[in-house]
Amino acid sequence: YMYYLGIGTEPITVRLNTAPQRVQQIEVTELPIGEPSTGFSLEVFVDVITPFGATTTKSIQVFSLRPENATAIINERLSDAVTSDPETAVNTLMTVLNIAQAPSLPPGQEPDPQTAQVMTQVREIMVQTTAEAPVT
């Protein structure tokens with residue numbers, strides 16, 4: 001199960017999990033926020049692959065809105081990331097950045113204090129997490 005992340009002119013495929021699943025369905029606890037320019041839509045798709053290598057893809061458009069209590073969820077996810085294993089922490093921090101939706105700023109312009117604080121916390125947790133990650 002995957003979704004398309006629209007950055008630039010070409011969509012990027014982001015996998016929700018990396019292992020093949022022998023199930024009819026999978027529970028996904030949260031999706032990234034959809035693209036604001038398209039009414040917060042998000043294209044979700046699944047690749048179905050047979051043991052013989054035949055593949056088909058099915059996609060569906062869903063709407064994933066920013067939560068109303070974004071600050072509380074950001075704080076909760078930052079707290080979760082601190083105590084998570086490195087892979088989970090990175091995914092959790094991606095969720096934080098997605099919910100924060102900090103806009104791109106022109107050179108020399110500083111972000112608002114709340115956004116700056118979130119970005120500082122994300123950076124600190126990422127530094128701590130990568131320092132603890134096993135060398136591969």
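Me: What makes a stretch of this chain a helix or a strand?
Reply: Helices are DSSP runs of H or I with at least four residues, strands are runs of E with at least two, and both are numbered from the N terminus. By that rule there are three helices and four strands in the chain, in the order β-β-β-β-α-α-α along the sequence. This is a predicted model, in which local features need pLDDT of at least 70, side-chain atom pairs count only at pLDDT 80 or more, and totals for chains, interfaces and linings use all residues. Residues are numbered from 1 along each chain as its sequence is written, and side-chain values use heavy atoms, with hydrogens and water left out.

Me: Why are helix 2 and helix 3 called roughly antiparallel?
Reply: The axes of helix 2 (residues 86-100) and helix 3 (residues 113-132) cross at roughly 170 degrees and come within 10 Å. Axes here are lines fitted to C-alpha atoms, for helices over the stretch in contact, with angles from 0 to 180 degrees between N-to-C directions. Angles under 35 degrees count as roughly parallel, over 145 as roughly antiparallel, 65 to 115 as roughly perpendicular and the rest as oblique, so helix 2 and helix 3 are roughly antiparallel.

Me: Which residues make the contact between helix 2 and helix 3?
Reply: Contact means heavy atoms within 4.5 Å. Helix 2 gives Pro86, Ala89, Val90, Leu93, Val96, Leu97 and Ala100, while helix 3 gives Val118, Met119, Val122, Ile125, Met126 and Thr129.

Me: Why does Thr129 count as buried?
Reply: Buried means under 20% relative accessible area, exposed over 50%, and partly exposed in between (1.4 Å probe, protein chains only). Thr129 has 7% relative accessibility, so Thr129 counts as buried. Leaving aside neighbours within four places in sequence, Thr129 is in contact with Pro86 and Ala89. A polar atom of the Thr129 side chain also lies 2.8 Å from the backbone oxygen of Ile125.

Me: And why is Thr115 called buried?
Reply: Thr115, in helix 3, has a relative accessible area of 16%, and therefore Thr115 is buried too. Its side chain is joined to that of Asp112 by a polar contact of 2.8 Å. A polar contact is a pair of N or O atoms within 3.5 Å; within protein, one must be able to donate a hydrogen and the other to accept it, and residues adjacent in sequence count only if both atoms are side-chain atoms.

Me: How much of the chain counts as buried?
Reply: Of the 136 residues, 22% do.
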